[in-house]
Amino acid sequence: MSSLDFDRDFDPRLNGPVETHQPPQVFDPYVSTRLRGPRNGLIPIHSGLTERTAPVYGFHNIGGEDNDLTVQHEGTPLGQKIIVAGRIRDTHGQPIPHALIELWQANSAGRYIHKRDQHPAPLDPNFTGAGRTFADAHGYYSFTTIRPGAYPWGNHYNAWRPAHIHFSVLGQGFRQRLITQMYFPDDPLLEIDPIYMANPDRRVRDLLIARYDRRFDIPDNALGFRFDMFLGPNGTPLE
């Protein structure tokens, strides 16, 4: 697929910039923020050379299959296989080459492989739920994984998190850091999820929703989703 084909659709900024307002640190419907969210304004710290240029990562630390969560064990994980691909850019639309991208997620039953997750859904012995990769020289990345399930989270009565994938992105410096969540289109749980709804503008929330894109399908094997991320003060909303 050429770069022109890749960028032809689903760039939320093609119709003009969206002024991104990050979600508030304390958002009452998201109950845990009442205790852990800072009440005072953040203190700006002067950025030196280290903050502008670090970190630098070695490609030898990333395995050739670290971006394929379906081949990390001897067996095949349960669930619908998907491809998540996109491009990392700054808020001016310029690609960020060689960004480090990490993801983690629940399995297809909505359970994390973590001792604190006691949701009575089955664990999948063939799915760890974590992967990482580098964007290429033009900012493109791709993961192969399993579509995660929804799960209850105790925020309020009968509270369920919509299916989502967590992303961490480190660009060319510490100031280009993003931790966010990707959601799936047409999920009925989105409108009742306080984390997703904490973003005040619908156009901003749309930046968190992947788009189904048949160009990334593996025929008869996996569905493709496009998820672009923008690093910077008016970029993709934080988690």
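In which sense do strand E2 (residues 100-104) and E3 pair, and over how many bridges? Please go on from there to the rest of the sheet.

A: This is a predicted model. E2, residues 100-104, pairs with E3 in the antiparallel sense, over five bridges. Within this pairing, Ile101 lies opposite Thr133 of E3.

Now the whole sheet. E2 and E3 belong to an open sheet of four strands, ordered E3-E2-E7-E8, with antiparallel pairing. Its edges are strand E3 (130-134) and strand E8 (177-183), and each of these pairs on one side only. On average, neighbouring strands here are turned by 20 degrees against each other, if direction is ignored. As a general point, strands of a sheet pair through backbone hydrogen bonds, in either a parallel or an antiparallel way.

Next, the other side of E2. E2 and E7 run antiparallel and are joined by five bridges.

Buried here means under 20% relative accessible area. In a regular strand, side chains alternate between the two faces of the sheet. His164, His166, Ser168 and Leu170 point one way. Ile165, Phe167 and Val169 point the other way. Both sets are buried.

E7 and E8 run antiparallel, joined by seven bridges. Phe167 has Thr180 of E8 as its bridge partner.

Finally, the setting. The chain has five helices and eleven strands. Of its 239 residues, 45% count as buried. Among contacts with a separation of 6 or more, 71% join residues 24 or more positions apart. The accessible surface of the chain is about 13,100 Å², and carbon and sulfur atoms hold 54% of it.

A word on confidence. The average pLDDT of the chain is 86, and 85% of the residues score at least 70. Residues 12-17 fall below 50, and this stretch has ten contacts in the model beyond near neighbours in sequence. Where pLDDT is low, predicted coordinates should not be read in detail.

Definitions and conventions:
Residues are numbered from 1 along each chain as its sequence is written. This is a predicted model: local features need pLDDT of at least 70, side-chain atom pairs count only at pLDDT 80 or more; totals for chains, interfaces and linings use all residues. Side-chain values use heavy atoms; hydrogens and water are left out. Helices (H or I, at least four residues) and strands (E, at least two) are DSSP runs, numbered from the N terminus. Buried means under 20% relative accessible area, exposed over 50%, partly exposed in between (1.4 Å probe, protein chains only). Contact means heavy atoms within 4.5 Å. Accessible areas come from the Shrake-Rupley method with a 1.4 Å probe; for residues, only the protein chains shown count as cover. Two strands pair if DSSP finds at least two bridges between them. Axes are lines fitted to C-alpha atoms, for helices over the stretch in contact, and angles run from 0 to 180 degrees between N-to-C directions. pLDDT is the predictor's confidence in each residue, from 0 to 100.
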